[in-house]
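Welcome! Here is a short tour for anyone meeting this structure for the first time. Take a look at the model, then read on.

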Amino acid sequence: METELFEKILSVESTSGTEREFAEYIEKLVPALSSGIGAGKAFSARRFEVGDGTVNLLFSWGTSGDEMPEVCLCTHLDTVPPYFPPHSENIAAGAVLPDGNVAAHDDVLITGRGSNDAKGQIFSMLSACLELQEEGFGGSFGLLLLAGEETGSYGAKAFTAAGMGGEWVIVGEPTCNRMVSASKGTKSFRITLRGKACHSGYPELGESAVMKFNDFVNDLKSRIFDVDPVLGETTWNIGSLVSSNPQNILSPELSFRLYFRTTFSSDGQVSALPDVWKETFPGIVVEAFGGDTPMRYDVLPGYETAPVSFGSDTPRLTGFRHRAMCGPGSIFVAHTSREYVLLGDLEKAVEQYKRMVTLICDERY
């Protein structure tokens, strides 16, 4: 594989909100690479404005006009901040990797923002499409690249809202090249707790919203959610915590975001929590932002499978009859300064994507 091309892709910054420039780079790159392989297979490139200044891209082989390919390999254009540039180096078997794991064999280590999530997927999916073209594969397939996955799947939502879809979409995320069998859902809330300000020397004259928050967290920690046989435990996290009172005044108000990762067993339980909170904590204000429900994925025979706890564009791509997920790299280094991918994992991904496309088109799954 051309690691030089991969490094060029990694060199164009596309942190969320800035991915249009990267999309325009890819929009020129893919047709140039495809035309260099030679004539003989229909090729088309389409751009879709998302509406927030970003764009989605769809490259198709073996279709004409607005026809959707039978299989879309799909991933996202944006990456999480901050950006850091790519670097590649040869490593020997036994070398310690950025996450502390050890290389199983001689390989090439590639670092940089997006190397793991999700430009590694873009590169391996594009490579698979170009190799299928070069090999003369007769089926129809495509590469769908979506904006805004890291900030709310805005590209996927816009694509679906436009009535777009098809038979199969295989979404690329860092799954260690395993096909995902199921994923957790998400539920997000903004919560405000109100107290009564007073001089902190006389706390009996007021009511601290911070202490209410402490009670809220203890109550949440005591709640027992059903353990799911497929997706396991329900987890939650608190962010955007704000209480702007000075240290010598009791807090009159505290707000925060509460984010759940739900399972098939707990999704309904979590959705019902706002009514429980309103009874338990008088005066609480809860704003629900929705989220995704837990999802089961299509899997193909002959591949290792596993459930995952992270979200993706997949639940939003409801216009596709079959939805799958698979990609190189580990989620454990995604969104971190240790982000990396191994060339061997990218090469494995290319072969897997080619086999998936071939299997689907030949067997008509």
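Predicted model: local features only at pLDDT ≥ 70, side-chain atom pairs only at ≥ 80, totals over all residues.

Helix α3 passes helix α8 in a right-handed crossing.

**More on α3 and α8**

- Two packed helices are described by the angle between their axes and the distance between the axes.
- Here the axes of α3 (residues 119-134) and α8 (residues 343-363) come within 8 Å of each other, crossing at roughly 50°.
- That angle makes α3 oblique to α8.
- On the α3 side, residues making the contact include Phe123, Met125 and Leu132, and on the α8 side they include Leu346, Tyr353 and Val357.
- Sorted by class, the contact between α3 and α8 comprises 9 nonpolar, 5 polar and 3 charged residues.

**A buried glutamate**

- Look for Glu339 in the loop between β15 (320-325) and β16 (340-342).
- Glu339 counts as buried because its relative accessibility is 1%, under the 20% cut-off.
- Its side chain reaches the backbone nitrogen of Gly114 at 3.1 Å.
- A polar atom of the Glu339 side chain also lies 3.0 Å from the backbone nitrogen of Asn116.
- Leaving aside residues up to four places away in sequence, Glu339 touches several residues, among them Phe84, Arg113, Asp117 and Val333.

**The chain as a whole**

- The protein chain has 8 helices and 16 strands.
- Its C-alpha trace spans about 80 × 45 × 40 Å along the principal axes.
- Of its 365 residues, 50% count as buried.
- Among contacts in the chain with a separation of 6 or more, 77% join residues 24 or more positions apart.

**Backbone details to look for**

- Most residues other than glycine have a negative phi, and most peptide bonds are trans.
- The peptide bond from Pro81 to Pro82 is cis, with omega near 0°, and Pro82 sits in the loop between β3 (71-76) and β4 (87-91).
- Another cis peptide bond runs from Asp117 to Ala118, with omega near 5°; Ala118 is in the loop between β5 (107-111) and α3.
- Asn177, in the loop between β7 (166-171) and β8 (179-183), has a positive phi of about 60° although it is not a glycine.
- Asn177 is buried, with a relative accessible area of 6%.
- Ser240 also has a positive phi, near 50°, and belongs to strand β10 (residues 235-242).
- With 58% relative accessibility, Ser240 counts as exposed.

Note on methods: Residues numbered from 1 in each chain as written. Heavy atoms only, no water. Axes fitted to C-alpha atoms, helices over the stretch in contact; angles between N-to-C directions. Helix = DSSP H or I, 4+ residues; strand = E, 2+ residues; numbered from the N terminus. Parallel < 35°, antiparallel > 145°, perpendicular 65-115°, else oblique. Left-handed = near helix turned anticlockwise from the far one by under 90°. Contact = heavy atoms within 4.5 Å. Nonpolar A, V, L, I, M, F, W, Y, C, P; charged D, E, K, R; others polar. Buried < 20%, exposed > 50% of the residue type's maximum accessible area, 1.4 Å probe, protein only. Polar contact = N/O pair within 3.5 Å; in protein donor to acceptor, adjacent residues only side chain to side chain.
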